[in-house]
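The structure is shown first.

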Amino acid sequence: MYLIPTPIAEDSLYTIPPYVTERLHQLKYFIAERAKTARRFIKTTEPRYPISELHFFELNKRTSPEERNQFLDKVLEGQDMGLLSEAGCPGVADPGAKIVAQAHRLGIRVVPLVGPSSILLALMASGMNGQSFAFHGYLSVKTPELIKDLKNLEQAARHGQTQLFIEAPYRNRNVVEQALKNLRPDTFFGIAMDLTAAEEYVRSLPIQRWQQEKLPELHKRPAIFMVFKG
């Protein structure tokens, strides 16, 4: 099973190494969160086989363990298979981790291929601790719980560990506003948006500096947020 990264921004196919595309074009069987997205990505790479000849299995929160087992039947029969994420690296903040675990249990060789990860790109560009970090996925939606979550991350960051999380793009502004209101002045807060896109934005500053800055446009822009105590 080949773990095949996909672009994390539109028009950024250049971030996929040629050797990944070469392997992709050798495959006919794929597991993806959404077949439609997977087909669209593969089509942009000018594949060797017609899209109509490719086979896709959809893996999402509604997929049962029994269905996941059936997905791997082709591999057990000797066929190579590709696992695709909606964006970025399969198995990282991605439901593909479950099928990878199943592959290991069945003795299937798992091959990770190089490609873009918004989590690592954000961390690389943040200036925060890259030796010790934690990714938390989504924080609470309701504001009182969100404030509590942010303070918990700040507390964890006191031990020198960078804390990373994401949010639905339409809730970005509320996350940033609550961070600026509720985190300590000397706590570092990082914003990494539209990574690998032409409008990429990465900024990491203490809260007191953010409070003096004009905030960038945040609405509906894919973002990673970071908290750190320097």
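Helices (H or I, at least four residues) and strands (E, at least two) are DSSP runs, numbered from the N terminus. By that rule the protein has 9 helices and 10 strands. This is a predicted model, in which local features need pLDDT of at least 70 and side-chain atom pairs count only at pLDDT 80 or more, while totals for chains, interfaces and linings use all residues. Residues are numbered from 1 along each chain as its sequence is written, and side-chain values use heavy atoms, with hydrogens and water left out.

**Overall**
- Along the principal axes, the C-alpha atoms fill a box of roughly 60 × 35 × 30 Å.
- Of the 230 residues in the protein, 47% are buried (buried means under 20% relative accessible area, exposed over 50%, partly exposed in between, with a 1.4 Å probe and protein chains only).

**Pocket and cavity**
- On a 1 Å grid over the protein atoms alone, a cavity is a set of points where a 1.4 Å probe fits but cannot get out; a pocket is an open set with protein on both sides within 12 Å along at least five of seven lines; lining residues have an atom within 4 Å of a point.
- Grid points are joined across faces, edges and corners, and a volume is the space filled by probe spheres set on the points.
- The largest pocket holds about 1400 Å³ of space. Its lining has 44 residues, of which Pro7, Ile8, Glu86, Ala87 and Gly88 are the closest to the centre.
- Two or more lining residues each come from helix H2 (35-44), H6, strand E6 (133-138) and strand E10 (223-228); H2 gives the largest share, 5 residues.
- By class, this pocket lining has 25 nonpolar, 9 polar and 10 charged residues (Ala, Val, Leu, Ile, Met, Phe, Trp, Tyr, Cys and Pro count as nonpolar, Asp, Glu, Lys and Arg as charged, and the others, Gly among them, as polar).
- There is 1 cavity of 30 Å³ or more, and the largest cavity has about 40 Å³ of space.
- The largest cavity is lined by Leu24, His25, Leu27, Phe30, Ile42, Pro47, Arg48, Tyr49 and Leu54, which divide into 7 nonpolar, 1 polar and 1 charged.

**Salt bridges**
- The whole structure has 9 salt bridges (a side-chain nitrogen of Lys or Arg within 4 Å of a carboxyl oxygen of Asp or Glu).
- Asp194 and Arg221 form a salt bridge, with the closest N and O atoms 2.6 Å apart. The pair links distant parts of the chain, 27 residues apart: Asp194 is in the loop between strand E8 (188-193) and strand E9 (201-206), and Arg221 in the loop between helix H9 (207-210) and E10.
- Asp194 counts as buried because its relative accessibility is 12%; Arg221, at 15%, also counts as buried.
- Glu53 and Lys28 meet in a salt bridge (3.6 Å, N to O). Glu53 is partly exposed at 35% relative accessibility, and Lys28 is partly exposed at 30%.

**Other residues**
- Leu139, in the loop between E6 and helix H7 (143-157), counts as buried at 11% relative accessibility. Leu139 and Phe165 are 26 residues apart in sequence, with C-alpha atoms 7.2 Å apart.
- Met124 lies in helix H6 (residues 118-126) and counts as exposed at 66% relative accessibility.
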